[in-house]
Amino acid sequence: MEMKPLTRVILGLVCLLVAIWLVAPTLVVVPMSFNENKSLAFPPQGFSWQWYQNFFTNPDWSSSFLNSLKVASVVAVLATVLGTLAAFGLDRMKAGPANLLRMLMLTPMVVPGVVLAIGIYAVYLDTHLVGTLLGFVLAHTILALPFVLIAVSASLEVFDRRLETAAASLGAGALTAFRTVTLPLILPGMLSGLLFAFATSFDEIVVSLFITNPYLKTLPVQIFASITRDADPTVAAVGTILLLATTILIGGGMLLLGHERKGRP
Amino acid sequence: MSAHEPTTPSAPTRAGWAWRPFALTLPALVLLAAVIGYPLLTIVLRSLSEPQWGAQNYVWFFGAPINLTVLQRTFTISAWVTIVCVICAYPYAYLMTAVGPRVRLVLVLCVLIPFWVSGVVRTLSWVILLQDSGVINSLLRAAGFDGIRLIRTQTGVVIGMAQVLLPFMILPLYSVMKGIDLRLMRAAQSLGARPSRAFFTVYLPLSLPGVYAGAIIVFILALGFYITPALLGGPRSTMLSTLVQTQVLSLLQWGRGGAMGVVLLVTTFVLLALAAPVMRSRYREAGRN
């Protein structure tokens, strides 16, 4: 579309500002994590590795990190299995009931976090699930489920079901057809669902704040406690480590995908 | 769908699916009922039964001016966040459709990078950036605006929340704008419309479904925000979520907290229900054009 040069310049400037606004808070933690003083002032002063050291040696931080890893790994697997099964079920149902059930399964995305949190907390108090791994896994799985459902449903939508029929007409049973034809084709959707589920659980904070106890904290809960209690720059070090880890994961995934795409005709 | 297709030689497997679909969704549904359905039901019941049966908690909620102030403030802040998001997202999403693939990749990355960092950590960044001795206040002071408080104010909360929610506005807007046929604009211009006229009579109406979709998602998510107002806000920017948390965790008033939660929940679902038909008809209109 034709644009006047002036319009173009203004548009570019506005977008640059928006881009900075989006990205800046992500990067602020990096310099902060090398601060010499025990304060969260920006710009930071001096240079030291002490906050990274603190993250790896202070049991408060390392144990909450391990808890998060544990919970998120189980959640990723559980949510992917449940979500994939459900996506298949919905895909093969009549449109009416399928739409209704799909909406029902997406509700965890729109229910306000605090409302869900007090509800789950109330039930967990009665069933002694507060501060347990099982409690975290159950709550996070239901929050991660919609993301798996969306990812797998999307890949099922482009999946040509005649391929399954072809496999069946060649004598493959339902399970064999699924394993050899369907599964490889929807695997990318399942993998991205798995990643989303892991990230959702690893980052979940509102429900976690309610169902946590002093003996079992996840990383976001520890970060929140640290921000509200003291201005401990370890938080910035944790943020930087997470940023680095995510960048490596995403970068690696993109490279792999690009490689695969190039490899294929 | 497949149930209506004519019978094929593989009919036995097909017939097998007829009862299986529901069975496949059952595990997810059971977990949903146990971890979402039952807790929400508990909250509704508690709001009606504690300390005794009746509507007392709702009478209390709508009778206390402070609660109504917070409710109104929750709506006001969410509305401001939505407005800021629309204003910032519109040109950004438009630029995404107008540039080459390389620049577009950079623009997409800028939208996705916030997702790479934990929400709590991002809010921490805003606490640092917005504090009285922070960078933004220093810049403002250098520019001659002295004594502007950002942290522990509604402005600060809106800035932090809008940054978190902006991607939810940009992405649906982009997907709608991507589908707009730019030849329509060229046609309008060839018929003598100036670029601005072509934009307002052709492009803007066609992009409205994206604005609606994004605005409703942002508004609903903003209503339920908890972490950002808790860390960036002060007593004068308390939102409903914080009030719920205080009633339940600090005051152990499950009935009152529950009633507030139900108000928040019902508001969210009413908005969703109101939005659904509007969005659907807008999409259909856009499709017809």
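Visitor: How many residue pairs are in polar contact between chain B and chain A?
Guide: Keep in mind that this is a predicted model. Both residues of a pair have to be at pLDDT 80 or more to get into this count.

Visitor: Which helix of chain B gives the most to the side that touches chain A?
Guide: Look along residues 11–49 of chain B.

Visitor: How many salt bridges cross the interface of chain B and chain A?
Guide: The two chains do meet, with 80 residues of chain B in contact with 76 residues of chain A. About 7100 Å² is buried between them, and carbon and sulfur atoms give 82% of that area. As for salt bridges across the interface, the rule finds zero.

Visitor: How many salt bridges does the structure hold over all chains, then?
Guide: Side chains of opposite charge can pair when their charged atoms come close. One such pair is Asp181(B) with Arg183(B), at 2.7 Å from N to O. Over all chains, the total is six.

Visitor: Are Arg92(A) and Asp91(A) buried or exposed?
Guide: Their side chains meet in a salt bridge, 3.8 Å from N to O. The two also belong to a salt-bridge network with Glu164(A). As for accessibility, Arg92(A) and Asp91(A) are both buried.

Visitor: How many residues apart in sequence are the parts that Asp132(B) and Arg149(B) tie together?
Guide: The closest N and O atoms of this salt bridge are 3.0 Å apart. Asp132(B) sits in the loop between helices H5 and H6 of chain B, while Arg149(B) sits in the loop between H6 and H7. The pair therefore ties together parts whose separation in sequence is 17 residues.

Visitor: Is Arg183(B) buried or exposed?
Guide: Its salt-bridge partner is Asp181(B), which counts as partly exposed at 32% relative accessibility. Arg183(B) has 59%, and the cut-off for exposed is over 50%. So Arg183(B) counts as exposed.

Visitor: How far apart are the end C-alpha atoms of residues 21–41 of chain B?
Guide: An unreviewed UniProt entry lists this span among the "transmembrane region" stretches of chain B. In the model, the span is 100% helix and 0% strand. Its end C-alpha atoms are separated by 27 Å.

Terms used
Residues are numbered from 1 along each chain as its sequence is written. Chains are lettered from A and ligands numbered from 1 in the order in which they are written. This is a predicted model: local features need pLDDT of at least 70, side-chain atom pairs count only at pLDDT 80 or more; totals for chains, interfaces and linings use all residues. Side-chain values use heavy atoms; hydrogens and water are left out. UniProt positions are given in the numbering used here, feature names are shortened, and annotations may be inferred rather than shown by experiment. Helices (H or I, at least four residues) and strands (E, at least two) are DSSP runs, numbered from the N terminus. Contact means heavy atoms within 4.5 Å. Buried area is the accessible area (1.4 Å probe) that two parts lose on being put together, summed over both. A salt bridge is a side-chain nitrogen of Lys or Arg within 4 Å of a carboxyl oxygen of Asp or Glu. A polar contact is a pair of N or O atoms within 3.5 Å; within protein, one must be able to donate a hydrogen and the other to accept it, and residues adjacent in sequence count only if both atoms are side-chain atoms. Buried means under 20% relative accessible area, exposed over 50%, partly exposed in between (1.4 Å probe, protein chains only).
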